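Trainee: I've got a model open and I'd like to learn how to read it. Can you walk me through a few features?

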Amino acid sequence: MRKDNRGFSLVELIMVMAIIAVVVGVSISLVISMTNWKVNRAVETVDSELNKAMVSATTKGNVAGLLIYQYNGTYYAAVIKESCYESSGVYKLTDARTYSVTELGDKSLTFKFKLNGVGSVGNTEYTLTNQTNKESMSTAAQFLFGKGTGKISPVEITGNQYNYSGMEISNSRTTRSIVIYPATGKHDVN
């Protein structure tokens, strides 16, 4: 007598479903881990570049500080020389005017900067926007360190003076922040 097998048993179906669930779970955790990795890498790089710019500005004669900017959809940090500053908050980024330029990440990231107003000026924040001309960089975060002190100089935006107090680097899933102490030039990563 011949037995007719025309399908899968309940045990076989449960085993296949369990394997699929494990594969999906691992895939989701890898995707989340990848998106967190981009933010964490950008924060660690900004932390390192801020330290490098502060040390260089206090020990070398012609280092001014650090610019963080977005150019053609990619974020960068540039340790700049004093000659990089043109006029009225415009920076000209050329190889001769920078010590180093480091890529921070792509347009999936967002860089938001927090500023405290000097005197009676209120606090504000802004998000970096894309630049298309390195010869005339006008919307960049400027961390200009004082010679010998490391103090971060106030920046002028629309005629008002501001001190950077922090930044947030984020994507659709993760946000990390860096708190900045302008009086000393030090910062903490959160």
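Predicted model: local features only at pLDDT ≥ 70, side-chain atom pairs only at ≥ 80, totals over all residues.

Trainee: Fine, rings then. How many aromatic pairs does a search of the whole structure find?

Mentor: The general idea: a pair of aromatic rings is described by the distance of the centres and the angle of the planes. Here the search turns up six such pairs. Take Y69 and Y76, which are stacked, with 5.5 Å centre to centre and 25° between the planes. Elsewhere, ring pairs tie F113, Y126, F143 and Y164 into a cluster. Rings can also meet charges: the charged end of K81 sits over the ring of Y99, 4.9 Å from its centre.

Trainee: Back to Y69: is that residue buried or exposed?

Mentor: Y69 counts as buried because its relative accessible area is 1%, and the cut-off for buried is under 20%.

Trainee: Next, the core. Which residues of the largest nonpolar core touch the most other members?

Mentor: That core has 31 residues, and V46, I68, F111, F113, F143 and M167 are the ones with the most contacts to other members. Several elements, including helix 1 (10-59), strand 1 (63-71) and strand 11 (160-170), each supply at least two of its residues. Helix 1 gives the largest share, eight residues. To see one member at work, look at V46: beyond its neighbours within four places in sequence, V46 is in contact with I68, L104, F111, M167, I169 and I178. Another core, of 11 residues, lies apart from that one and includes A64, L67, L93 and M137.

Trainee: What span does helix 1 reach, and what is expected?

Mentor: Helix 1 has 50 residues and covers 73 Å from first C-alpha to last, close to the expected 74 Å. Its buried residues include V39, V46, E49 and A57.

Trainee: And strands? Which way do the partners of strand 1 run?

Mentor: In general, side chains in a regular strand alternate between the two faces of the sheet. Now the case here: strand 1 pairs with strand 2 in the antiparallel sense over eight bridges, and V63 stands opposite K81 there. The hairpin of these two strands has two residues between them, and N72 takes a positive phi near 50°. Strand 9 is also antiparallel to strand 1, joined by four bridges, with G65 opposite L144. Strand 8 runs parallel to strand 1, with two bridges, and Y71 has Q131 as its bridge partner.

Trainee: How many residues of strand 1 are buried?

Mentor: Eight of its nine, so strand 1 is mostly covered by the under 20% cut-off.

Technical notes: Residues numbered from 1 in each chain as written. Heavy atoms only, no water. Phe/Tyr/Trp six-rings, centres within 6.5 Å; stacked < 30°, edge-to-face > 60°. Buried < 20%, exposed > 50% of the residue type's maximum accessible area, 1.4 Å probe, protein only. Lys NZ or Arg CZ within 6 Å of the ring centre and 35° of its normal. Core = buried A, V, L, I, M, F, W, Y, C linked by side-chain atoms within 4.5 Å. Contact = heavy atoms within 4.5 Å. Expected span 1.5 Å × (residues − 1). Pairing = 2+ DSSP bridges.
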